[in-house]
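Trainee: Please take a close look at one residue and what surrounds it. After that, carry on to the other points worth checking, and end with the place where the chains meet.

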Amino acid sequence: MLIYAIATMGLMGLIFGALLAVASKKFAVASDERVGKVRAVLPGVNCGACGYAGCDALAEAIVAGKAALDACKAGGPRVAEKVADIMGAKLDKHPERMVALVKCVGNKDKTKYRGEYSGVPSCRAAVMAGNGPKDCLYGCLGFGDCVRACPFDAIHISPGGVAVVDADKCTACGKCVAACPRGIIELVPASHKVHVLCMNQEKGVVTRKQCTVGCIACQACVRACPKGAISVQNNVAKIDYSKCDDCALCAAKCPVKVISGRKESVEAAAS
Amino acid sequence: MDLNRYFLIFLAAFLIQNILLIRFIALCSFFGISTSVETSVGMSLAVIFVMMVSSTLTWALWNFVLEPLGIGEFLYIPSFILVIAAFVQLEELFIKKTAPALYKAMGIYLPLITTNCAVLAAATEVAKPGFIKLSVAYHYTLPEAWVYTFGVALGYSAALLVFATLRERIDIAPVPPAMKGYPIAFITASLMSLALTGFAGLFGV
């Protein structure tokens, strides 16, 4: 019996070993070594902002020539340059680094609430259940859907209940933009400091009643801008970043102080 | 060929003796994988596939090698593990080459379940008579073994998917801080298990 046992296990081991050895030769997948190298320089958080299933899939697509060298949005120019080095190609243009910006600073003291929401702590749920507790239908709800969506820990809810992006950590992958049910997160050029921090499309009178830091579409910024970079559309001011030169004259003129922009001032305004 | 008997075997494996919720086998993967529905689907596919093939292999191994030689009683676990592990490795190589899409869908879960307890349990039960604590040592025929394994695998997938859906919902629910994460998951699992005990003794199975 002992002999049988030893023989059976031994034989099985031999057979399987031989089979695996043959199979690994026969079914070997020829892979381009550049795939591994490209994969190594990609961020590796599998955020999916590039449109592929993950960093592995993007690395294969880049090497196969199906994806652009700068397809990794999260990696930005730095990763794009490294990928171009590996692929032995040149980048046509250097894409500008973008960061996400939450266009609302209406914290608990500044925005009126029409009631208290005590349901599931999720922005999406709050919007479905009676459009959220705030008077303003364009304001940050502060339940942190964007915080949970961020793969880089770059967005947080301030003590005042408004989401604030940490521009140093943000890679502009766009996950928070997609997660926000109000659509008030936008990708803006990282070099620019001056932004309109409101999305309220109500008329000025209505906005004024809802929030003390809401854009009332008074046009003061439009007149103040020497470059003609600001326009008011749908009762809210909008900056054309291709024209704006960060002079901040508009911020000085804004009566509700909703145009500001230095990172510190965004945080201070939101907290 | 008694259809009724197949139906009973399937129902027993799928629901009444559900491998996760009644017998608590393979809890590690149950709690580890169920954090999102997406991963649960991949894991379920891999488990169904691997279970079916490994049960067939162990059934043949028991009936044609171990039993006739009289060495099954003490050699069944190591030899079954060997067979399943070797098969999963082979399979991984094979589908990586022939079906990259399928490999992407369940590729990373294949090595994970090489010696998954559920796979080994199902493979052992269909092969070795009397392994389950039944009053009689029942000897499965091959078709019965397939039906039983399929039932176990589907039971695993169903429990995993339902649990994953619940956990995604619990993640955003206002749970007391001390209960967040695994504690509330264990409570949920035990409640699901309690619900399934209602089926115990159905059709005398």
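Mentor: A:R34 has a relative accessible area of 29%, so it counts as partly exposed, since the cut-offs for that class are 20% and 50%. The coordinates are those of a predicted model, and what follows should be read as such. A:R34 belongs to helix α2 of chain A, which covers residues 33-41. Setting aside neighbours up to four places away in sequence, the residues in contact with A:R34 are A:V63, A:I86 and A:M87. A separate value concerns A:V83: along the chain A:R34 and A:V83 are 49 residues apart, and their C-alpha atoms are separated by 9.6 Å.

Two other residues of chain A deserve a look at the backbone. A:Q219 has a phi near 75°, which is a positive value in a residue other than glycine. Its place is the loop that links α8 (204-210) to α9 (220-224) in chain A.

Now chain B. Its secondary structure consists of 9 helices, with 0 strands, so the order from the N terminus is α-α-α-α-α-α-α-α-α. The chain has 205 residues, and 45% of them count as buried. Among its contacts with a separation of 6 or more, 74% are between residues 24 or more positions apart. The accessible surface of chain B is about 9,600 Å², and carbon and sulfur atoms account for 73% of that area.

B:S157 lies in helix α8 of chain B, residues 142-171. Its relative accessibility is 6%, which means that B:S157 counts as buried, the limit being under 20%. Apart from residues up to four places away in sequence, B:S157 touches B:S44 and B:I48.

That leaves the place where the chains meet. Here 24 residues of chain B are in contact with 21 residues of chain A. The two chains bury about 1,900 Å² between them, and 86% of this area is on carbon and sulfur atoms. On the side of chain B that touches chain A, α3 (37-69) and α4 (72-98) of chain B each supply at least two residues. The largest share of that side comes from α4(B), with 13 residues. Sorted by class, the side of chain B that touches chain A has 17 nonpolar, 3 polar and 4 charged residues. As for specific pairs, there are 0 salt bridges between chain B and chain A. The rule likewise finds 0 residue pairs in polar contact across this interface, where both residues must be at pLDDT 80 or more.

How values were computed
Residues are numbered from 1 along each chain as its sequence is written. Chains are lettered from A and ligands numbered from 1 in the order in which they are written. This is a predicted model: local features need pLDDT of at least 70, side-chain atom pairs count only at pLDDT 80 or more; totals for chains, interfaces and linings use all residues. Side-chain values use heavy atoms; hydrogens and water are left out. Helices (H or I, at least four residues) and strands (E, at least two) are DSSP runs, numbered from the N terminus. Buried means under 20% relative accessible area, exposed over 50%, partly exposed in between (1.4 Å probe, protein chains only). Contact means heavy atoms within 4.5 Å. Accessible areas come from the Shrake-Rupley method with a 1.4 Å probe; for residues, only the protein chains shown count as cover. Buried area is the accessible area (1.4 Å probe) that two parts lose on being put together, summed over both. A salt bridge is a side-chain nitrogen of Lys or Arg within 4 Å of a carboxyl oxygen of Asp or Glu. A polar contact is a pair of N or O atoms within 3.5 Å; within protein, one must be able to donate a hydrogen and the other to accept it, and residues adjacent in sequence count only if both atoms are side-chain atoms. Ala, Val, Leu, Ile, Met, Phe, Trp, Tyr, Cys and Pro count as nonpolar, Asp, Glu, Lys and Arg as charged, and the others, Gly among them, as polar.
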